[in-house]
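Please look over the structure below with some care before reading on. The notes after it are written for a reader who is new to protein models.

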Amino acid sequence: MSATTSFDGNKVSKPYYNSEHLMFREALRKFLDKEVVPHLDQWEEDEIVPRSFWDRMGELGFLCPQVSPEYGGLGLDFGFQIVLAEEAGRVGGLGGPGIHTSIVVPYLEEFGTEEQKKKYLPKCISGEIVTAVAMTEPGAGSDLAGIRTTAVRDGDHYIVNGQKTFISNGIHSDLIVVAVKTDTKVTPGHKGISLLLVERGMPGFIRGRKLKKVGLRSQDTAELIFEDCRVPVENLLGQEGKGFYYLMHKLQQERLLAAIGAIVSAEDMLQITMQYVKERQAFGKSISTFQNTQFEIAEMATEVQLGRTFVDDLIVRHMNGEDIVTQVSMAKWWITDMARKMAPRCMQLHGGYGFMEEYKIARRYRDIAISPIFAGTNEIMKIIIAKNLGL
C-alpha cells in the first residue's frame, strides 16, 4: 500500500512508501533537525562531521536498515534507504551515511563471504565501522580500467601499492573497498581488477590529507596511500579478476542515488526561493508578483516535477529488480545538470542576499556543482546511453 509524502510537506503519492517508511522518515527527520541542523555550520567550517554523529546514527538504527537480521540488521526494503538519502539531502552536506549504507555495504552483502559478513556487517550497522569505496586515482577517474594500484600475491597476503583520491568518508573510514590490479598483463585491462577489503591500521596503509573542496565541505574527503600494504588473502571481496564487473553491477544503484540527491536539492532550492520571493519587497510589493520572477519559478517548478516523476518511476523499477542502466544514466545526467543550472537562477532571485553564507541557497550553490561529476561524469552517462541505443 502506498503512502503520501513529500519532504516539502505536500501530499504526494509515493508507490514505494508505506506507513512504516513514513514513521522512519519522521524519526530520522526529528533526529537530523535536533542533532545536526544546529551544528552544521560548524561542521562545514571544520570540514568534517564528528565521529559521534555516526555513533548516534547507528545507535538509533538509521544505518544499513536493509541488512539481514542474521547480521543484526532490520532486513528492510530499498525504500528505507531512499528515506535516508532524501532526508540527508534535505539537510544538505550529509552524504557520508548514504554512501556507507547504500553504496559500500551492499558490496559486502552481495559479494562477501560468510566470514566477512559476520565480521563486518554488525559493526557497519552500529556505526562502529564506517566504510568507503576507493576507485578513483590521481590519473584514473572515469577510466577505471586504467587504475595503477597493484596487489601482488605474497603467500597468504596481497602487497598493495598505489594511491587513491577523492575518497568520500576517507578520514573516518575503518573499512575500505579498494579497487586494485591483481593482474597487470591481462587484456583488456579491466579483467585484471579485483576488490580488497582494507582495514584501518593495516601495515602500509597511510591516510593522506583531508581534501579542501568548493562544496560538500562537512563530508570528509581524503587521499589514501598504500605503500607495501599487507592485506590478508581472506580480505579479497568476491573472486579475483571480477572487481570491474562487481563495480559495474552496483553502479546502477549509486547513480540512481545521485539522481535522487540532485532532485532533492532542486526541490529544496525551489522551495526556499519561493518562500524568499514571497517575503522580499521591492518597489513597494513582493517580488513574487513580478512577471520575470513568476516565469523563472514556473520554468524551474516544471523541470523539478519532470525530474521527480522520472526518479519515482525508476525507484519502483529498481526495487522490482529491473535492468534500467540506460534510464538511470539518463536520469543521472539530466537531473544533476538541471539542478546545477537551477542554483544560479535561485541565487539571482535572492539578489545580494543569495551570496551570503547565512542563506541556505549559498551552500546549495556550492554543493550542487559536483553532482554532474561524481558517480560517473555526465559525459560518461551520455556515452553509456548512446552505446545502449545501438550507436
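The model is predicted, so local features need pLDDT of at least 70 and side-chain atom pairs count only at pLDDT 80 or more, while totals for chains, interfaces and linings use all residues. Residues are numbered from 1 along each chain as its sequence is written, and side-chain values use heavy atoms, with hydrogens and water left out.

**Cavities**

- A cavity is a set of points, on a 1 Å grid over the protein atoms alone, where a 1.4 Å probe fits but cannot get out, and its lining residues have an atom within 4 Å of a point.
- Grid points are joined across faces, edges and corners, and a volume is the space filled by probe spheres set on the points; the count comes to two cavities of 30 Å³ or more.
- The largest cavity has a volume of about 50 Å³, and its lining includes Val-49, Phe-53, Trp-54, Asn-169 and Asp-220.
- Helices (H or I, at least four residues) and strands (E, at least two) are DSSP runs, numbered from the N terminus, and the elements that give two or more residues to the lining of the largest cavity are α3 (51–59) and α5 (96–111).
- The second largest cavity, with a volume of about 30 Å³, is lined by Ser-102, Ile-103, Tyr-107, Lys-250, Gln-253 and Glu-254, and α5 and α7 (243–279) each supply at least two residues of this lining.

- Tyr-353, in the loop between α9 (325–350) and α10 (360–367), is partly exposed, with a relative accessible area of 37%, where buried means under 20%, exposed over 50% and partly exposed in between (1.4 Å probe, protein chains only).
- Ile-361 lies in helix α10 and counts as buried because its relative accessibility is 0%.
- The C-alpha atoms of Ile-361 and Cys-346 are separated by 7.3 Å, although the two residues are 15 residues apart along the chain.

**Backbone details**

- A cis peptide bond, with omega of about -5 degrees, joins Thr-187 and Pro-188, and Pro-188 is found in the loop between β6 (175–181) and β7 (193–199).
- Leu-216 is not a glycine, yet it has a positive phi of about 45 degrees; Leu-216 is placed in the loop between β8 (205–210) and β9 (221–232), and counts as buried at 17% relative accessibility.
- Ala-375, also not a glycine, has a positive phi of about 60 degrees; Ala-375 lies in the loop between α10 and α11 (378–388) and counts as buried at 15% relative accessibility.

Note on methods
On a 1 Å grid over the protein atoms alone, a cavity is a set of points where a 1.4 Å probe fits but cannot get out, and a pocket is an open set with protein on both sides within 12 Å along at least five of seven lines; lining residues have an atom within 4 Å of a point.
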